[in-house]
Amino acid sequence: MSPSDVQAVARRSNSGQLPESAQRPGAGRHTLALFGAELHLVFGRARTWVLLAVLGLVPLLVGVAIRLSGSSGDAEGFIGQVAGNGFFLIVASLGLSLPFFLPTAVTVISGESLAGESSLGTLRSLLTAPAGRSRLLAAKMVALAVFCLTATLTVWLGGLIAGFVLFPVGDVVLLSGSTVSLTDGLLRALGIAVLIAGSLLGLAGIGLFVSSLTSTPLAAMAATFGAFIVFGILGAIPQIDEIHPWLLMYGWTSFADLLRDPPYWDAIVRNLLMQGAYLAVFYAAAWARLTSRDVNG
Amino acid sequence: MGAARRSRRWLVPVTAIAVVAGVGALGPVVADASPDLPGITAQDLLAKVQTAKVDGLSGTVRSAADLGLPALPGVEGESQIPDLLTGEHTARVAFAGPDKARVSVLDHMAERVLTTDGKTAWAYDSAKREAVKLALPARPAAPKVAPEREAYDPQAVAKKFLAAIDPSTAVDVTGTESVAGRDAYKLRLVPKTDKTTVGSVTLAIDSKTWVPLEVTVLPRTGSDPALQVGFSSVSFDVPAASTFAFTPPKGVKVTEKTLPAITPKKHSTPKALPKADPNKPATADRPTVIGEGWETIAVFRGVELDPGNGPLAQLLANARTVQGSWGSGKILTSKMVSALITDDGRVLVGLVTADTLAAAAPQAPR
């Protein structure tokens with residue numbers, strides 16, 4: 001735990017929480033205060049901002065690399081279109097950060113969420129009020145979801161700035177071969193950022209559950225990332241392709257369907273339902289763990 | 001809080017798993033519930049299907065193929081096997097009249113569009129950012145833009161199997177099902193011969209328009225479909241003419257080609273293949289056909305197989321060797337397709353058993 005964490009926790013104590021007393025705030029205004037305090041805790045950490053900064057730099061690095069290589073792009077897919085239209089830097093960066101950078105960031109933040117409080121000793125006081133545990137968990141999850149969205153929007157914004165500075169921009173050619181205005185394209189890219197944030201919710205749920213099992217944040221992060229890698233390995237084995245559609249990352253690339261004319265919703269909806277299912281199961285497990293946990297546990 | 005009450009809380013995540021698994025497993029089953037439809041005889045249904053005519057339709061087609069073909073790493077990308085015959089695909093299709101068609105194959109983060117309005121045909125590949133413009137002759141016999149166009153049309157696929165109906169096929173109506181939200185009859189074709197690897201072909205026929213909505217091919221062994229092509233959504237409204245127009249986007253390389261007035265029969269259905277003719281030897285791209293109906297075997301000659309040390313060589317090394325008066329060769333079998341590769345460079349392929357292939361080998365022209 002860095003000093004900034006302790007400060008962040010302390011700040012939450014001052015914003016309506018009474019961690020040292022046995023009382024949790026009641027409903028209404030206090031619930032809002034709790035949610036606000038959780039956001040403060042997540043976004044008050046230096047590491048959160050470092051992660052966001054790295055994500056924001058992904059488009060810049062990709063853009064500079066394409067610019068320096070100077071080729072108009074023999075590469076297929078979105079990367080190959082960046083040189084011709086900076087707009088595609090947004091989509092390409094989002095697609096590139098999806099397999100590794102974004103899951104890593106979500107793993108770090110979600111592994112921290114409950115285990116971090118455990119290791120600091122602040123969870124103990126939060127747990128002494130059983131009525132507040134469900135709400136505490138809800139606040140943790142909302143903060144995680146907000147982080148997922150912030151992370152993808154950071155890439156979107158980074159791609160927008162780097163793409164407009166480094167490359168010419170213009171009307172957007174969709175996968176189906178039709179052309180739409182830049183505004184339409186940017187809105188679709190924004191939709192992609194939101195969809196990818198939604199794709200990360202299942203992993204965030206897993207992280208939250210793992211985090212409720214241990215009091216060592218590092219162990220929680222490692223276990224969550226391990227689970228992510230296991231999903232990746234299972235998805236790469238062709239002999240078990242019967243279970244592939246049920247794996248966490250199966251529908252992650254469905255975001256590209258938003259760039260068809262008209263958008264193809266089937267795979268997108270299926271992916272969001274899958275993420276919802278993973279989230280429901282692991283959130284319920286985290287809830288069962290947290291509410292049945294000994295105060296000292 | 002007692003330990004019992006505490007452990008009871010774990011019932012919540014367990015219930016969540018059960019609900020998710022239940023919805024995931026049973027959802028499709030409930031959606032496929034058999035609708036109530038008046039009874040119909042196989043002959044009546046067959047007659048209705050063969051005279052079915054719609055002015056136009058559009059929808060989404062899903063296909064899944066598992067022919068049990070060996071996966072050859074490194075070969076797949078450049079494979080000559082039509083992509084419909086491997087894996088799962090989704091395509092948006094629209095048809096209007098005899099000469100207007102649009103098929104968009106929704107690839108992974110890419111799309112291939114094939115469209116024709118009767119005068120011009122376009123093929124666009126978003127991954128390669130290339131477009132091919134094909135000027136069609138004034139009166140094309142049958143504008144064959146690409147085999148994909150037919151492959152993603154359940155009607156066209158069904159027609160091929162219906163054409164194969166002969167006295168060697170048992171036809172019956174096996175019930176009803178719901179396909180793409182429409183009530184459909186299930187028409188099952190079962191080959192009577194045991195020389196083919198095809199177990200049965202089931203067509204889901206729409207009960208209002210009599211258009212085939214889905215084709216399912218089952219192998220003789222096993223219960224997993226070898227091929228399934230069907231609509232996941234369909235509309236029988238005639239698509240607007242603009243659907244079939246295509247404007248190449250800026251920055252896309254356009255190649256223009258003109259189709260000669262007399263369309264060469266490049267891609268023909270097995271039914272339309274030329275009969276075996278000893279005076280006209282078969283070549284690598286022009287197969288000869290032996291047998292008919294379900295027992296049709298295509299013979300390719302002069303195929304230069306140089307497997308080297310790749311996975312194909314390994315596959316051939318493990319293959320069964322057969323011999324006869326005709327010579328000797330290697331037999332490759334999968335659950336649907338069998339191939340006999342003779343030592344003198346002939347290849348016999350068919351949806352038949354390995355023994356049938358070996359028996360047909362003497363008839364194959366050298």
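**Entry 1: a glycine in a loop**

I started at B:Gly97, which sits in the loop between β2 (87–96) and β3 of chain B. Strands here are DSSP runs of E with at least two residues, helices are runs of H or I with at least four, and both are numbered from the N terminus. Before going on, I noted that this is a predicted model, where local features need pLDDT of at least 70, side-chain atom pairs count only at pLDDT 80 or more, and totals for chains, interfaces and linings use all residues. Residues are numbered from 1 along each chain as its sequence is written, while chains are lettered from A and ligands numbered from 1 in the order in which they are written.

Is B:Gly97 buried or exposed? I found that B:Gly97 is exposed, because it has 12 other C-beta atoms within 10 Å. The cut-offs are 20 or more for buried, 12 or fewer for exposed, and partly exposed in between, with C-beta atoms placed from the backbone.

Leaving out residues up to four places away in sequence, I saw B:Gly97 touch B:Asp55 and B:Gly56. Touching, or contact, is C-beta atoms, placed from the backbone, within 7 Å. I also looked up B:Asp206: it is 109 residues from B:Gly97 in sequence and 19 Å away in space, C-alpha to C-alpha.

**Entry 2: the sheet of chain B**

Next I traced the open sheet of chain B, whose 12 strands come in the order β7-β8-β9-β10-β11-β1-β2-β3-β4-β5-β6-β12 with mixed pairing. Two strands count as paired if DSSP finds at least two bridges between them. β7 (169–179) and β12 (253–258) of chain B are at the edges with a single partner strand each, so one side of each has no neighbour in the sheet. From one strand to the next, the twist averages 15 degrees.

I then followed some pairs:
- β9 (residues 198–206) and β10 (residues 212–219) of chain B run antiparallel, joined by 7 bridges.
- β10(B) and β11(B) are antiparallel too, over 4 bridges.
- β1(B) and β11(B) run antiparallel with 8 bridges.

Which strands does helix α5 (residues 154–163) of chain B lie across? I listed β1 (56–65), β8, β9, β10 and β11 (227–235) of chain B, with the helix at about 50 degrees to β10(B). Axes are lines fitted to C-alpha atoms, for helices over the stretch in contact, and angles run from 0 to 180 degrees between N-to-C directions.

**Entry 3: where the chains meet**

I checked the interface: 24 residues of chain B are in contact with 22 residues of chain A. On the chain B side, α2(B) gives the largest share, 6 residues. That side divides into 14 nonpolar, 6 polar and 4 charged residues. Nonpolar covers Ala, Val, Leu, Ile, Met, Phe, Trp, Tyr, Cys and Pro, charged covers Asp, Glu, Lys and Arg, and the others, Gly among them, are polar.

**Entry 4: chain A**

Chain A has 12 helices and 2 strands, and 48% of its 297 residues are buried.

I picked out helices α10 (residues 201–213) and α12 (residues 265–291) of chain A, whose axes come within 8 Å and cross at roughly 15 degrees. They are therefore roughly parallel to each other; that label is for angles under 35 degrees, with over 145 roughly antiparallel, 65 to 115 roughly perpendicular and the rest oblique. Their contact includes A:Leu201 and A:Phe209 of α10(A) and A:Tyr278 and A:Arg289 of α12(A). By class, I noted 13 nonpolar, 4 polar and 1 charged residues there.

Technical notes
Contact = placed C-beta atoms within 7 Å.
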